Amino acid sequence: MNEIGERKYLISKGIDQYFEGIFKFYAFILRFFGASLTPPFHFREIINQSYEIGIKSLSLISVTGFIIGVVFTKQSRPPLENFGATAWLPSLMGIAIVRALGPLLTALICAGKVGSSIGAELSSMKVTEQIEAMEVSAINPFKYLVVTRVIATTLTIPLLAFYCSFIGLVGSYLNVHSNETTSLIIFVKKAFSQISFLDLFSAVIKSFIYGFTIGIIGCFKGFNATQGTRGVGKAANQTVVLAMFLVFLEEIVIVQISNWVRDI
Amino acid sequence: MEKNSEVKAEPVISIKGLHKSFDELNVLQGIDLELFKSENVAILGRSGSGKSVLIKIIVGLLMPDAGEVTVLGKQINGLKPKELDALRLRIGFSFQSSALYDSMDVYQNLAFPLTMNSKKLSKKEVDAAVEEALEAVGLQDKIHEMPAELSGGQRKRIGIARTLILKPEIMLYDEPTSGLDPITCAEINELINEVQEKYNTSSIIITHDLTCARNTCSRIAMLIDGQFLQTGTFEEVSKTTDERIKGFFNYNFIH
């Protein structure tokens with residue numbers, strides 16, 4: 001094969017692998033839905049995983065949410081002061097945190113912390129034959145490892161997103177209170193005056209979608225890991241990159257859809 | 001010391017014309033093998049000769065491209081997932097890497113297959129089964145240790161105990177002595193014989209360790225270039241005139 005022929009071969013092989021990867025990912029998602037609807041259901045493992053994902057992420061979510069609340073409030077004050085509109089700060093922060101920052105920030109933190117951990121754990125189990133050991137013991141590893149983790153991320157990340165929004169608003173309130181001496185009741189009233197049911201609904205829905213995305217990508221990359229220990233790092237890394245990319249993509253689509261619904 | 005063969009009529013594993021390839025690599029090219037009740041057979045061959053692929057096909061982790069694999073009267077190829085799981089409960093598989101669940105301690109590693117397959121067992125029954133399996137491998141004192149805290153030989157033993165907890169009829173050992181010192185190898189060989197006597201299992205032992213093959217098996221089969229070049233007792237195969245088998249034997253040191 002000459003050089004041009006070899007290049008053509010490599011390009012076509014790359015394209016084949018790309019589409020094969022997409023097909024495998026969709027097949028994996030379909031397999032998840034099939035497996036999650038049929039018994040046995042490993043409820044205890046779902047609770048264990050939810051604990052691992054939820055409780056162990058609380059400290060990071062708390063610190064990040066609080067700092068974001070304080071910093072965004074501080075950064076938003078000067079332009080509003082120019083128009084004498086600092087009274088709008090609680091409403092602005094309510095919209096920013098509840099609609100966008102809370103769910104998005106939580107998803108990005110979880111993509112890094114939870115997604116990489118799932119990807120690394122499952123890929124490590126794959127390369128050390130632990131997944132095969134489950135299979136030969138008549139335990140369905142897909143149900144036990146994948147279904148439980150994806151359900152856990154899907155259920156836990158929305159709760160974390162709400163918690164993050166709450167902590168963000170606490171941070172924002174403390175900053176507003178120290179500068180404008182606004183009372184808590186007024187802050188809460190103003191912060192939620194511009195939040196509609198649609199805002200809350202879309203925040204919940206998108207958090208579920210982010211949770212599912214992070215869980216399914218972590219499991220897909222981990223479950224299909226190859227190349228020994230090198231594959232472990234690769235799976236963790238690819239999970240973070242792909243999950244963050246998809247979370248941003250989903251954010252754009254969901255914002256467009258909710259704006260379109262708001263305009264109806 | 002070579003073990004005496006106790007060959008009986010009905011094979012527990014019967015393999016006929018087995019072929020398996022990965023892309024353009026033909027790993028198994030027409031394998032025939034029978035394993036009889038209470039018999040230990042060693043499959044010898046160089047690394048990459050397809051020994052592990054063969055036992056992974058037997059337990060349904062890989063599917064053959066052609067040929068028949070019948071285990072305990074069931075043909076592997078056509079089994080539904082539930083039937084395959086039921087069959088797997090009757091087969092013990094000891095992995096080369098031991099494949100212990102590293103997030104669980106020894107007790108949890110052993111109890112896991114049991115509790116997942118029989119939900120109605122009480123805690124007392126599970127504890128008793130774990131204790132019995134650990135006693136069989138002589139590691140009762142390691143019950144609360146994590147896999148990372150165990151030595152290579154101990155990990156192999158715990159891996160075997162985990163398979164014994166389901167009381168298998170067939171044991172498949174993948175390189176049980178690889179990476180171990182000669183004394184630990186001898187202990188593992190002894191354990192394989194004890195397991196066969198106590199649990200009346202039939203075993204296939206994948207190895208390239210001639211000492212292990214001679215001390216644990218009544219028959220050996222030489223897998224070279226995807227085919228069994230010769231099958232027979234250790235003495236029969238060691239007296240072969242085939243240069244490739246001779247070469248394999250000459251490079252091994254028997255203890």
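This is a predicted model: local features need pLDDT of at least 70, side-chain atom pairs count only at pLDDT 80 or more; totals for chains, interfaces and linings use all residues.
Helix axes here are lines fitted to C-alpha atoms over the stretch in contact, and the angle between two of them runs from 0 to 180 degrees between N-to-C directions. Helix α2 (residues 43–54) of chain A packs against helix α6 (residues 141–180) of chain A at about 45°, and the two axes lie 8 Å apart. The crossing of α2(A) over α6(A) is right-handed.

Which residues of α2(A) make this contact? They are Glu45(A), Ile46(A), Gln49(A), Ser50(A), Ile53(A) and Gly54(A). On the α6(A) side the list includes Tyr144(A), Arg149(A), Ile151(A), Leu155(A), Leu159(A) and Leu160(A). By class, the contact of α2(A) with α6(A) holds 8 nonpolar, 6 polar and 2 charged residues.

**A helix pair in chain B**

Helix α3 (residues 106–117) of chain B and helix α5 (residues 152–164) of chain B cross at roughly 30°, and their axes come within 8 Å. That angle makes α3(B) roughly parallel to α5(B). The crossing of α3(B) and α5(B) is right-handed. From α3(B), the residues Val106(B), Asn109(B), Leu110(B) and Pro113(B) take part. They meet Ile158(B), Ala161(B) and Arg162(B) of α5(B). This contact of α3(B) with α5(B) divides into 5 nonpolar, 1 polar and 1 charged residue.

Chain A has 9 helices and 0 strands. Chain B has 9 helices and 10 strands.

| Chain | Span of C-alpha trace along principal axes | Buried residues |
|---|---|---|
| Chain A | about 70 × 55 × 40 Å | 42% of 264 residues |
| Chain B | about 55 × 45 × 35 Å | 44% of 255 residues |

How does the radius of gyration of chain B stand against the globule rule? The radius is 18 Å, close to the 18 Å that the rule gives for 255 residues, so chain B is as compact as a globular protein of that length.

Among contacts in chain A with a separation of 6 or more, 88% join residues 24 or more positions apart. For chain B the corresponding share is 67%.

**Between the chains**

Chain A brings 10 residues to the contact with chain B, and chain B brings 13 residues. The side of chain A that touches chain B has 4 nonpolar, 3 polar and 3 charged residues.

**Backbone exceptions**

Most residues other than glycine have a negative phi, and most peptide bonds are trans.

Pro40(A) sits in the loop between α1 (3–36) and α2 of chain A.

Asp23(B) lies in the loop between β1 (11–22) and β2 (25–36) of chain B. Is Asp23(B) buried or exposed? Asp23(B) has 5 other C-beta atoms within 10 Å, so it is exposed.

Asp225(B) counts as partly exposed because it has 13 C-beta neighbours inside 10 Å.

Notes
Residues are numbered from 1 along each chain as its sequence is written. Chains are lettered from A and ligands numbered from 1 in the order in which they are written. Two residues are in contact if their C-beta atoms, placed from the backbone, lie within 7 Å. Ala, Val, Leu, Ile, Met, Phe, Trp, Tyr, Cys and Pro count as nonpolar, Asp, Glu, Lys and Arg as charged, and the others, Gly among them, as polar. Helices (H or I, at least four residues) and strands (E, at least two) are DSSP runs, numbered from the N terminus. A crossing is left-handed if the near helix is turned anticlockwise from the far one by less than a right angle, and right-handed if clockwise. Angles under 35 degrees count as roughly parallel, over 145 as roughly antiparallel, 65 to 115 as roughly perpendicular and the rest as oblique. A residue is buried if 20 or more other C-beta atoms lie within 10 Å of its own, exposed if 12 or fewer, and partly exposed in between; C-beta atoms are placed from the backbone. The radius of gyration is taken over C-alpha atoms; the globule rule is 2.2 Å times the number of residues to the power 0.38.
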